[in-house]
Structures are given as C-alpha cells and as structure tokens.
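Thank you for making time for this. I would like to take you through one model, beginning with the chain as a whole and ending on single residues.

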Amino acid sequence: MLPIKLSNAETKIVDCLLRGLTLKETADELGVVVNTIKFHRTRIYKALDVRDSVGLVLLLWGLNYPRPGAVMRATVASGGLIAGRQNA
C-alpha cells in the first residue's frame with residue numbers, strides 16, 4: 001500500500017512507468033499529451049518524496065507494489081511477449 005492516495009490518472013501513469021513505457025508511449029496509451037504526463041509525474045515524485053523514476057520504482061518495490069516484470073517474465077516464458085511487446 002502506498003503512503004499516500006494517488007489519483008486514477010497518477011496510478012495509471014505509475015503503472016505505465018513500471019512497465020517501462022516512455023513519456024510518449026504513456027501519453028499515447030492514456031490519450032493525453034506528453035506535458036500532462038510530465039505534470040502528473042512531477043506531482044507523484046513530490047508526493048512520494050522521490051527525485052526520479054528510479055527512486056519511485058525502488059520505493060514502490062520496497063512497499064511490495066505489484067511488479068509488472070513478474071507478469072511479463074511469466075508471459076515470456078510461455079512465449080507470449082518479447083521485451084514487453086506482444087508477439088506478431
């Protein structure tokens with residue numbers, strides 16, 4: 001559980017960050033512009049008292065936040081994903 005409550009938009013952005021999406025990919029997925037992602041990301045960093053995405057990831061993993069990589073590794077093992085992308 002997080003030490004603060006994030007908005008739905010912020011939670012979606014955190015999930016995209018943990019999946020390794022770029023700012024552009026996150027904006028495209030959420031249907032917003034990159035500046036919106038940057039705005040929310042800054043609010044997330046300040047609220048959780050971290051300096052960057054690495055600090056955020058380390059904090060979240062320390063709090064046992066779900067790790068998308070665990071799901072991805074299982075899917076890769078079954079042949080479903082390669083480097084986070086769906087096989088064609």
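Predicted model: local features only at pLDDT ≥ 70, side-chain atom pairs only at ≥ 80, totals over all residues.

Residues are numbered from 1 along each chain as its sequence is written, and side-chain values use heavy atoms, with hydrogens and water left out.

The chain has five helices and two strands, where helices (H or I, at least four residues) and strands (E, at least two) are DSSP runs numbered from the N terminus. Along the sequence these elements follow the order α-α-α-α-α-β-β. Of the 88 residues in the chain, 24% are buried, and buried here means under 20% relative accessible area, with exposed over 50% and partly exposed in between (1.4 Å probe, protein chains only). If we take contacts, meaning heavy atoms within 4.5 Å, between residues at least 6 apart in sequence, 49% of them join residues at least 24 apart.

Let me move to the core. A nonpolar core is a set of buried Ala, Val, Leu, Ile, Met, Phe, Trp, Tyr and Cys residues joined through side-chain atoms within 4.5 Å. The largest one has 13 residues, among which Val14, Leu18, Ile44, Leu56 and Leu60 touch the most other members. Helices α1 (8-18), α3 (34-48) and α4 (53-62) each supply at least two residues of this core, and the largest share, four residues, comes from α3.

Now to helix α1, where Glu10, Ile13, Val14, Cys16 and Leu18 are buried. Why does Val14 count as buried? Val14 does so because its relative accessibility is 1%. Its C-alpha lies 9.6 Å from that of His40, although Val14 and His40 are 26 residues apart in sequence.

Glu10, which also lies in α1, counts as buried because its relative accessibility is 6%. Which residues does Glu10 contact once its neighbours within four places in sequence are left aside? They are His40, Arg43 and Ile44, and of these Ile44 is also one of the core residues that touch the most other members. The side chain of Glu10 also reaches the backbone nitrogen of Ser7, at 3.0 Å.

Finally, after α1 comes Gly20, whose phi is positive, near 85 degrees.

Notes
Polar contact = N/O pair within 3.5 Å; in protein donor to acceptor, adjacent residues only side chain to side chain.
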